[in-house]
Amino acid sequence: MSRSYKLVVSGPVGAGKTTFIQSLSEIPVVETDELATEDIGKEKTTVALDYGLLTLDGVPIHLFGTPGQERFDFMWDVLVEGALGLVLLVAGDQPRDFPKARHILEYLTSRHPVPFVVGVTRQDLPRVWTPEDVADYFGLPQEQVVGMNATSPTSATLALIRILELVTGERWQGVW
Amino acid sequence: MSRQEELQGILRELRQAVPEITGVMVASTDGLSLATDLPEAEAARAAAMAATALGLGKRIAQTSALGGLEEVVVRGQAGYLVVYAAGDKGVLAVTAPMGANLGLIHLEARSAAAHIAQTLA
Ligand SMILES: Nc1nc2c(ncn2[C@@H]2O[C@H](COP(=O)(O)OP(=O)(O)OP(=O)(O)O)[C@@H](O)[C@H]2O)c(=O)[nH]1
Ligand SMILES: [Mg+2]
């Protein structure tokens, strides 16, 4: 059987999950964003999932993004089924959401113990938490936390390589 | 009349028109309960699930070139849950037991959904 990997992208509202998958996908992303009723600092929010696909080093990578709002937590379970790794995103300028991120991480990894990395988005903006700060906060080794600009395909790819290396234990070139 | 009262009125009429219906809910398309006869504890979860079903149904309809989504029917061995689009902002969810007249439910619920769409516009 030819290999392919399923990865889940999760994290609190506005962490950049949908953005990350849009930056990486080679197909039009299946997104399910709807107008947000509450003020969440952006117009839309994911209600079901994001799905994107890319081929990296010749291997198909399937990316499934979760909604961030806690009321959709039943989708976390649905989406993590069969995933080989998890990318947990947090917005580097939203430390108030870190406890929520920790909750999501514990929820997912306690049910599905898969390798994960924490991605700290918005590194292109001033006054953000660095990956080093966030590693301290979560009590994780530095290698497991990666900073990125989720709007940049190059930056998103570097984060993706980090989780793929953790999952496979091999080096990845990152050739699209 | 407040929006809340208006929505409650529409839901009441729907239940009167089709007594077989066992539960009704109006939610926002991002999954917040706006009006329902469900207990509060269940309402939050039900609203989120209705919005997920509708949101996913929309993308499936789009991808399969089915046009704008009108409803999603979930049929279990014991009954139905139907989620209707109510304009751009709303979702109407209706539950009924197996053996219920689905045709009649559709007829009444689609008209209620149109009414809800006006109320939320
Ligand atoms: N400058 C900058 N903006 C970002 C970055 N990541 C995300 N954003 C922006 O932040 C917002 C977050 O967007 P989403 O991708 O919708 O967030 P999400 O995690 O999918 O949120 P929910 O689906 O609501 O849980 C968007 O407006 C993005 O353009 C980043 O690394 N840098
Ligand atoms: Mg999203």
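A polar contact is a pair of N or O atoms within 3.5 Å; within protein, one of them must be able to donate a hydrogen and the other to accept it, and residues adjacent in sequence count only if both atoms are side-chain atoms. With that rule, and with both residues at pLDDT 80 or more, eight residue pairs are in polar contact between chain B and chain A.

A word on the ground rules: this is a predicted model, in which local features need pLDDT of at least 70 and side-chain atom pairs count only at pLDDT 80 or more, while totals for chains, interfaces and linings use all residues. Residues are numbered from 1 along each chain as its sequence is written, chains are lettered from A and ligands numbered from 1 in the order in which they are written, and side-chain values use heavy atoms, with hydrogens and water left out.

Let's stay with the interface. Chain B brings 14 residues to the contact and chain A brings 18 (contact means heavy atoms within 4.5 Å). About 1,400 Å² is buried between the two chains, and carbon and sulfur atoms give 58% of that area; buried area is the accessible area, with a 1.4 Å probe, that two parts lose on being put together, summed over both. On the chain B side, Asp30(B), Thr52(B) and Arg59(B) supply 40% of the area buried against chain A, more than any other three residues.

There are three salt bridges between the chains, each a side-chain nitrogen of Lys or Arg within 4 Å of a carboxyl oxygen of Asp or Glu. Asp30(B) forms a salt bridge with Arg71(A), with the closest N and O atoms 3.6 Å apart.

A pocket is an open set of points on a 1 Å grid over the protein atoms alone, where a 1.4 Å probe fits, with protein on both sides within 12 Å along at least five of seven lines; lining residues have an atom within 4 Å of a point. The largest pocket holds about 620 Å³ of space, a volume being the space filled by probe spheres set on the points, which are joined across faces, edges and corners. Its lining has 30 residues, and Val13(A), Gly14(A), Ala15(A), Lys42(A) and Arg122(A) lie nearest the centre.

The second largest pocket has a volume of about 210 Å³. Of its 14 lining residues, the closest to the centre are Ala46(B), Ala50(B), Leu81(B), Ala93(B) and Thr95(B).
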